[in-house]
Structure formats: structure tokens, C-alpha cells
Amino acid sequence: MLARLIAYPPDAAAVSRWLQPDERLRIGRDPACDLVIAHPSVSRMHAELYHQDDRWRLRDLGSKNGSFVDGIAVTDHPIPTDCWLRFGDSHCDFGVFDAAQAEALRERQAERRALSQALVRKVSQQADSLPAHVLRGVVELAGCSRGFLLLADPRIGEFTVSASLKLDPDVLDDRAFSGSVGAVQRVLSDGKPLVVNDIGNEGWLASRASVITGGLTTLACLPLFDGRSVFGAVYADRRGPGEPITEFELELLSAFTESATLYLLAHRAMASLDGAPRWQTIVDRQSALAGPAP
């Protein structure tokens with residue numbers, strides 16, 4: 001039986017690994033591990049998964065903070081076909097699949113890739129409301145429910161909201177906004193994509209008033225580049241459970257936004273940003289509620 005382990009690193013896309021019965025998966029912080037989890041609570045060589053006597057087993061490799069199966073500490077023990085594993089403070093989802101189930105998941109990935117390509121083609125055909133179509137594509141690929149897109153307005157030297165989905169643009173400029181301003185600030189500052197699959201376990205996010213008010217669980221934010229300069233960002237989030245945003249989804253999101261950016265740049269001179277709420281205003285008001293950005 002095939003096994004799949006999904007790890008949830010902090011501030012990053014989930015990492016999915018498939019295991020054949022004749023394979024072992026070594027987990028730890030060391031780059032030599034088969035699954036690297038860069039978290040201070042995880043030991044360099046923390047644990048390993050292996051198959052024996054028709055069962056998958058988890059062996060702790062003398063880690064400092066222990067290995068757990070559904071909250072129970074283990075040293076070398078068989079594990080259920082579906083369970084949560086924990087290495088230090090890092091959580092992973094473990095599941096066992098037959099060949100038909102694994103094939104169905106591979107087909108779903110192929111469908112997701114085809115969807116990404118279709119969305120790029122759709123964006124390329126839009127002459128009007130281009131930012132809105134780009135935003136919808138990111139929200140759909142991320143499995144989220146709402147979001148907004150920021151673009152730099154060179155006339156005023158600020159980022160402005162050029163499209164929003166299930167978020168009133170006026171609300172973005174108000175206390176009622178329940179998205180993570182800190183996440184967007186970070187992406188605009190360092191130019192790196194940000195994915196958080198379990199907001200409740202991320203201290204820098206979980207305590208923010210905007211996140212608590214909105215009951216957010218998952219978010220993704222990607223920068224938009226004009227050459228080497230960040231000229232915008234697209235943000236999406238959701239409440240409640242859903243499929244994790246894995247490295248595969250992040251790959252699709254990055255490819256989509258890279259292609260969509262070319263069309264945004266081509267149409268930017270034609271777009272009117274007059275009347276859009278100024279992002280600086282959003283930052284100022286939300287920072288007063290949530291404290292300084294990390």
C-alpha cells in the first residue's frame with residue numbers, strides 16, 4: 001500500500017511525499033533527510049517511516065522533542081492508516097492509499113495543471129477587468145474563497161486595491177477588514193511568496209486582531225514583479241477546512257501569476273486606479289489594531 005505524508009512547515013507551502021512499501025523516509029532538519037522540516041523543535045535526524053509486516057511504522061531517532069502519533073509519544077510503533085504525526089512542534093498528515101486512490105489523486109493534479117493553463121489563456125483574452133480575472137484565478141487555484149489584488153500607482157507612490165473578491169473595497173480601508181495585513185506587508189517587503197496552511201499555529205499571525213475576527217485558517221500571498229521590482233501582490237484566504245496549499249499548488253500559482261503579470265504590465269497604463277482605497281491607509285489603520293508587522 002502506498003503511503004503519503006503531508007508536512008506543514010511554518011510560513012511555507014505544505015510538502016507532500018509518497019512512499020512505496022520498500023522505501024524509508026527519514027525526517028529531520030538536516031538537508032540530507034528525505035523530508036526536511038526547517039523548524040527549531042525538529043532534530044537534525046528526528047524520525048523515520050518504514051514498512052514492515054504489512055504495516056507502516058514510525059521510529060524516533062533519539063530526537064530531543066519526541067515523535068507522536070495522534071498525540072501519543074512513540075519510539076518505534078505501528079501507525080494507523082490515517083493519522084496525525086507530530087515531530088517536535090511540526091504536524092504532518094499521514095495516509096495510506098491503494099493504487100486506485102493514488103491514481104485518482106494523480107489525475108486530480110493533472111486536472112489542476114490543466115485548470116492553471118486554462119486560466120492563463122482566459123486572462124490573455126481579457127481586455128477589460130483584467131485585475132479581477134487575475135485575482136479570480138489565484139483564488140481558485142489556491143482553493144480559497146476571497147482576496148484582493150494590489151498594484152503600484154506611480155502617480156501617488158503607493159499600492160492601491162485594483163480588484164477584490166467577496167471583499168468590499170471600502171471595507172479594506174476599515175476596521176472590519178479581517179485579512180492579514182501583516183502577510184501582505186511581508187510579501188511586499190521581501191518579494192517572496194507566503195503560504196500559511198494552519199494560521200492558528202503561527203504565532204505572528206494567530207494573535208492578530210484581523211485574523212481572530214475573521215476566523216481565518218489558510219492564506220496565500222504572492223508578489224508581482226516588474227523586472228526585479230515588486231509592483232503588486234495578490235492575496236487570497238479562506239475560513240474553515242480545505243485542501244492544503246502544497247508545493248504543487250504553489251508551483252501552479254507562481255506560474256500563473258508570472259504569466260498574468262505580463263498582461264497586467266501591458267494593460268497597466270490603460271487601467272484607471274482613481275478612487276481605489278490607498279493601501280497605506282489600510283496598513284496604518286490595521287497596524288494600530290494588530291501591532292507592528294513582523
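**Entry 1**

In what order do the five strands of the open sheet with antiparallel pairing run? I looked this up first. I am working with a predicted model. The order is 13-12-16-15-14. The sheet is open, and its pairing is antiparallel.

I then asked which strands stand at the edges. They are strand 13, residues 158-165, and strand 14, residues 194-196. Each of these pairs on one side only. I noted the twist too: from one strand to the next it averages 15°.

Next I checked what packs on this sheet. I found helix 2, residues 130-142. Helix 2 touches strand 12, strand 13 and strand 16. Its direction makes about 65° with that of strand 13.

**Entry 1: strand 12 beside strand 16**

Strand 12 covers residues 146-153 and strand 16 covers residues 229-239. They pair in the antiparallel sense, over six bridges. I picked Leu149 and looked for its bridge partner in strand 16; it is Val234.

A salt bridge turned up here as well. Arg146 and Asp237 form it, with their closest N and O atoms 2.7 Å apart. Why does this pair tie together parts that are 91 residues apart in sequence? Because Arg146 lies in strand 12 and Asp237 lies in strand 16. I also checked burial: Arg146 is buried, and Asp237 is buried too.

**Entry 2: the largest nonpolar core**

How many residues does the largest nonpolar core have? I found 29. Those with the most contacts inside the core are Val134, Leu135, Leu149, Leu253, Phe256 and Leu264. Leu149 is the residue I had paired with Val234 in strand 16.

I listed the elements that give two or more residues to this core. They are helix 1 (99-124), helix 2, strand 12, strand 13, strand 15 (216-226), strand 16 and helix 6 (247-268). Helix 2 gives the largest share, seven residues.

**Entry 3: strand 10 and its partners**

Strand 7 (residues 67-69) pairs with strand 10 in the antiparallel sense, over three bridges.

Which residues of strand 10 are on its covered face, and which on its uncovered one? Cys83, Leu85 and Phe87 are on the covered face. Asp82, Trp84 and Arg86 are on the uncovered face.

Strand 10 also pairs with strand 11, residues 90-97. This pairing is antiparallel and has six bridges. Leu85 has a bridge partner in strand 11 as well, Cys92. The hairpin of strand 10 and strand 11 has two residues between the strands. There, Gly88 takes a positive phi near 60°.

I looked up a sheet with the strand order 4-3-5-6-9. It is open, has five strands, and its pairing is mixed. Strand 4 (35-36) and strand 9 (76-78) stand at the edges. Each has a single partner strand, so one side of each is left without a neighbour in the sheet.

I checked strand 3 against strand 4. They pair in the parallel sense, over two bridges. The bridge partner of Ile27 in strand 4 is Leu35.

**Entry 4: salt bridges around Glu48**

I searched the whole structure and found ten salt bridges. One joins Arg26 to Glu48, with the closest N and O atoms 3.5 Å apart. Arg26 is in strand 3 (residues 25-28) and Glu48 is in strand 5 (residues 47-52), 22 residues apart.

The side chain of Arg59 also meets Glu48 in a salt bridge, at 2.5 Å from N to O. Arg59 lies in strand 6 (residues 55-60) and Glu48 in strand 5, so the pair ties together parts eleven residues apart in sequence.

Is Glu48 buried or exposed? It is buried, at a relative accessible area of 5%. Arg26 is partly exposed, at 34%. Arg59 counts as partly exposed too, at 25%.

Last, I traced the network of salt bridges. It links Arg24, Arg26, Glu48, Arg57, Arg59 and Asp76.

Notes:
Residues are numbered from 1 along each chain as its sequence is written. This is a predicted model: local features need pLDDT of at least 70, side-chain atom pairs count only at pLDDT 80 or more; totals for chains, interfaces and linings use all residues. Side-chain values use heavy atoms; hydrogens and water are left out. Two strands pair if DSSP finds at least two bridges between them. Helices (H or I, at least four residues) and strands (E, at least two) are DSSP runs, numbered from the N terminus. Axes are lines fitted to C-alpha atoms, for helices over the stretch in contact, and angles run from 0 to 180 degrees between N-to-C directions. Contact means heavy atoms within 4.5 Å. Buried means under 20% relative accessible area, exposed over 50%, partly exposed in between (1.4 Å probe, protein chains only). A salt bridge is a side-chain nitrogen of Lys or Arg within 4 Å of a carboxyl oxygen of Asp or Glu. A nonpolar core is a set of buried Ala, Val, Leu, Ile, Met, Phe, Trp, Tyr and Cys residues joined through side-chain atoms within 4.5 Å.
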